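Subject: Structure handover

Hello,

I am passing this structure on to you. Please open it first, then read the notes below.

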Amino acid sequence: MADQHPRIIVEKNPSQARLDELKFKSWPKWGCSPGKYHLKYEAEEICYIVRGKVKVYPKPPSSLSSSSDAEVEWCVEFGAGDIVTFPKGLSCTWDVSLSVDKHYIFLSS
């Protein structure tokens with residue numbers, strides 16, 4: 001059975017060995033100032049947050065739009081030093097409270 005919500009994985013305080021394994025410094029960089037951003041992930045993304053603070057509000061899948069728990073808003077919080085994985089197909093709103101700089105990579109299926 002599929003999860004009711006897309007799974008965003010946050011790795012808090014990853015080890016140096018994990019950071020070295022990812023080689024994130026070779027990934028492209030992206031940044032944004034505080035504000036709200038609506039995003040849709042066409043591919044799985046892994047990112048390393050260099051600086052900033054974000055709350056992400058995933059949009060429930062359309063198949064859940066009629067269920068009562070779809071009305072409950074939930075969020076995932078992360079910030080500087082975290083590794084975050086976003087699943088392919090996720091639609092969400094980023095609520096950025098502190099300007100973000102990140103390294104990211106899209107994974108092919």
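What follows is a short tour, from the overall fold to the core, the aromatic rings and the cysteines.

**Overall fold**

Please keep in mind that this is a predicted model. The chain has 1 helix and 7 strands. Read from the N terminus, the order is β-α-β-β-β-β-β-β. The chain has 109 residues, and 34% of them count as buried. Its exposed surface comes to about 6,800 Å², with carbon and sulfur atoms supplying 52% of that. Take the contacts in the chain with a separation of 6 or more: 87% of them are between residues 24 or more positions apart.

**Strand pairing around β4**

Which strands does β4 pair with? β7 is one of them: 13 bridges join β4 to β7, and the two run antiparallel. Within β7, K102 stands opposite I49. β4 is also joined to β6, by 4 bridges, again antiparallel. Here E45 has F86 of β6 as its bridge partner. Another 4 bridges link β4 to β5, and this pair too is antiparallel. In β5, F78 is the residue opposite V54.

**The cores**

In soluble globular proteins, nonpolar side chains tend to be buried together. The largest nonpolar core in this model has 17 residues. Those with the most contacts inside it are I8, V54, V56, F78, V84, F86 and W94. Which elements give two or more residues to this core? They are β4 (44-58), β5, β6 (83-86) and β7. β7 gives the most, with 5 residues.

Set aside its neighbours within four places in sequence, and V56 is in contact with I8, W74, C75, V76, F78, F86, C92, T93 and W94.

There is also a second, separate core of 7 residues. L19, L22, W27 and Y48 are among them.

**The aromatic rings**

How many aromatic pairs does a search of the whole structure find? There are 7.

F86 has 0% relative accessibility, so F86 counts as buried. Step back, and W30, Y41, F78, F86 and W94 form one aromatic cluster.

**The cysteines**

How exposed is each? At 30% relative accessibility, C75 is partly exposed. C92, at 4%, counts as buried. A disulfide is a covalent bond between the sulfur atoms of two cysteines. How many disulfides does a search of the whole structure find? It finds 0.

**Where to start**

Best wishes

Note on methods: Residues are numbered from 1 along each chain as its sequence is written. This is a predicted model: local features need pLDDT of at least 70, side-chain atom pairs count only at pLDDT 80 or more; totals for chains, interfaces and linings use all residues. Side-chain values use heavy atoms; hydrogens and water are left out. Rings of Phe, Tyr and Trp (its six-membered ring) pair if their centres lie within 6.5 Å; planes under 30 degrees apart count as stacked, over 60 as edge-to-face and the rest as tilted. Buried means under 20% relative accessible area, exposed over 50%, partly exposed in between (1.4 Å probe, protein chains only). A nonpolar core is a set of buried Ala, Val, Leu, Ile, Met, Phe, Trp, Tyr and Cys residues joined through side-chain atoms within 4.5 Å. Contact means heavy atoms within 4.5 Å. A disulfide is a pair of cysteine sulfur atoms within 2.5 Å. Two strands pair if DSSP finds at least two bridges between them. Accessible areas come from the Shrake-Rupley method with a 1.4 Å probe; for residues, only the protein chains shown count as cover.
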